[in-house]
Amino acid sequence: MKAKLGMSPIAWWNDDLPELSDDVSLEECLRQSRSAGFTGMEQGRRFPSNPEEMLPILRAADVTLCGGWFSGTLVDEELSANKDRIAPMIELFKAVDAPCIVYGEVGRSIQGDRSRPLATKPRLSDDEMKAYGRRLTEFGEWCGDQGMPLSYHHHMAAVVETEPELDAFMNASGEGIPLLLDAGHLAFAGGDVLRAIDRHHARINHVHVKDIRKAVVDGLDRSRQSFLDAVALGAFTVPGDGSLDFGAIVQRFADYGYEGWFVVEAEQDPRKAPPQKMAEVGYAELMRVMTAAGYTVETEGFPKG
């Protein structure tokens, strides 16, 4: 089985908490992650928005674009508005041969609002969840028809956060909307990562290997503290520096024959957790558990020739 290891630039620049950002260029961010061993990087705010500019940067850094976040609003808005906004991203991602676009629901979400405690997250009724699942399936099918698959990202402080909400969404939606399984977000929400893989492995097409610091998560006052407060306190980290058993998690993916990207997405304060050092820790741990699970980790970055 083959796997690829990528990173998210959120370890270097945080879009929601600018104070948790390194003053480094895109080129330096890519150099640091590539020097740690990662061959892919998800899109961030400092990436150019056209392939003519992006491809030479990726080629020089010897990395590929392994995904990127789209702020979806289908919980409230029509398909047409989301199609119009995602269309340029689809064309860009096709041009640079990215594997998928990560759909993150921001409609009703409180993930970017530091004044909103975790306990006030939005919740959908059964009927709303069924309608939402149908809309996401139709949207995912449309994106796939355009040549770029989506990957649905369950997320803290959003409408699909908890394990029961994930199960309900998966039941309400179809194969047209694949799943991104994020170990850290599910564990933060109190879910069982291995059970979620068991239930939903057939639709998982992208994986975020985010770790958590359980002591920080357990110590939160969710009636007063927000998602961004948790990030600032260090709730997330890279595999090998947190509380999750990635040996068991990666083995479970291997048991189901998952092949593809495992992406480290771990937002932290770069002054407390230097991104290059964290990248090296995460890569070493992932290589250890990948090897034990029988994966061959691909080492080629930007395609030669």
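## Pockets in the predicted model

Ala, Val, Leu, Ile, Met, Phe, Trp, Tyr, Cys and Pro count here as nonpolar, Asp, Glu, Lys and Arg as charged, and the others, Gly among them, as polar. With that in hand, let's start with the second largest pocket of this predicted model, whose lining has 9 nonpolar, 4 polar and 5 charged residues. This pocket holds about 320 Å³ of space. Its lining is made of 18 residues, and those nearest its centre are Lys4, Thr64, Asp97, Gly301 and Pro303. If you want to find it by secondary structure, look at α2 (51-61), β3 (64-65) and β11 (260-264), each of which supplies at least two lining residues. The largest share, 3 residues, comes from α2.

The largest pocket has a volume of about 500 Å³. It is lined by 24 residues, with Ile10, Asp15, Asp16, Trp69 and Glu265 closest to its centre. Helix α9 (residues 227-233) gives the largest share of this lining, 3 residues. Sorted by class, the lining of the largest pocket comes to 9 nonpolar, 9 polar and 6 charged residues.

## An enclosed cavity

How many cavities of 30 Å³ or more does the structure hold? There is 1. The largest cavity has a volume of about 40 Å³, and you can trace its lining through Ala11, Val238, Ala266, Gln268, Pro270, Ala273, Pro275 and Met278. By class, 7 of the residues lining the largest cavity are nonpolar and 1 is polar, with no charged residues.

## Aromatic pairs

On to the rings. Across the whole structure, a search finds 16 aromatic pairs. One of them brings together phenylalanine 38 and tyrosine 283, with 5.3 Å from centre to centre and 75° between the planes, an edge-to-face arrangement. This pair links distant parts of the chain: phenylalanine 38 sits in the loop between α1 (26-36) and β2 (40-41), tyrosine 283 belongs to helix α11 (residues 275-293), and 245 residues separate them.

Elsewhere, ring pairs join Phe70, Tyr103, Tyr132, Phe139, Trp142, Tyr152 and Phe169 into a cluster. Phenylalanine 236 has a charged neighbour: lysine 210 lies over the face of its ring, 4.3 Å from the ring centre.

Glutamate 165 is part of helix α5 (residues 163-172). With a relative accessibility of 11%, glutamate 165 counts as buried. Its side chain has a partner in the side chain of lysine 121, and the polar contact that joins them is 3.1 Å.

Lysine 214 is found in helix α8 (residues 214-218). Is lysine 214 buried, exposed or partly exposed? Its relative accessible area is 46%, so lysine 214 is partly exposed. The side chain of lysine 214 reaches the side chain of aspartate 218 in a polar contact of 2.6 Å. Lysine 214 also has alanine 235 at 7.4 Å, C-alpha to C-alpha, with the two residues 21 apart in sequence.

Conventions: Residues are numbered from 1 along each chain as its sequence is written. This is a predicted model: local features need pLDDT of at least 70, side-chain atom pairs count only at pLDDT 80 or more; totals for chains, interfaces and linings use all residues. Side-chain values use heavy atoms; hydrogens and water are left out. Rings of Phe, Tyr and Trp (its six-membered ring) pair if their centres lie within 6.5 Å; planes under 30 degrees apart count as stacked, over 60 as edge-to-face and the rest as tilted. Helices (H or I, at least four residues) and strands (E, at least two) are DSSP runs, numbered from the N terminus. A charge sits over a ring if NZ of Lys or CZ of Arg is within 6 Å of the ring centre and within 35 degrees of the ring normal. On a 1 Å grid over the protein atoms alone, a cavity is a set of points where a 1.4 Å probe fits but cannot get out, and a pocket is an open set with protein on both sides within 12 Å along at least five of seven lines; lining residues have an atom within 4 Å of a point. Grid points are joined across faces, edges and corners, and a volume is the space filled by probe spheres set on the points. Buried means under 20% relative accessible area, exposed over 50%, partly exposed in between (1.4 Å probe, protein chains only). A polar contact is a pair of N or O atoms within 3.5 Å; within protein, one must be able to donate a hydrogen and the other to accept it, and residues adjacent in sequence count only if both atoms are side-chain atoms.
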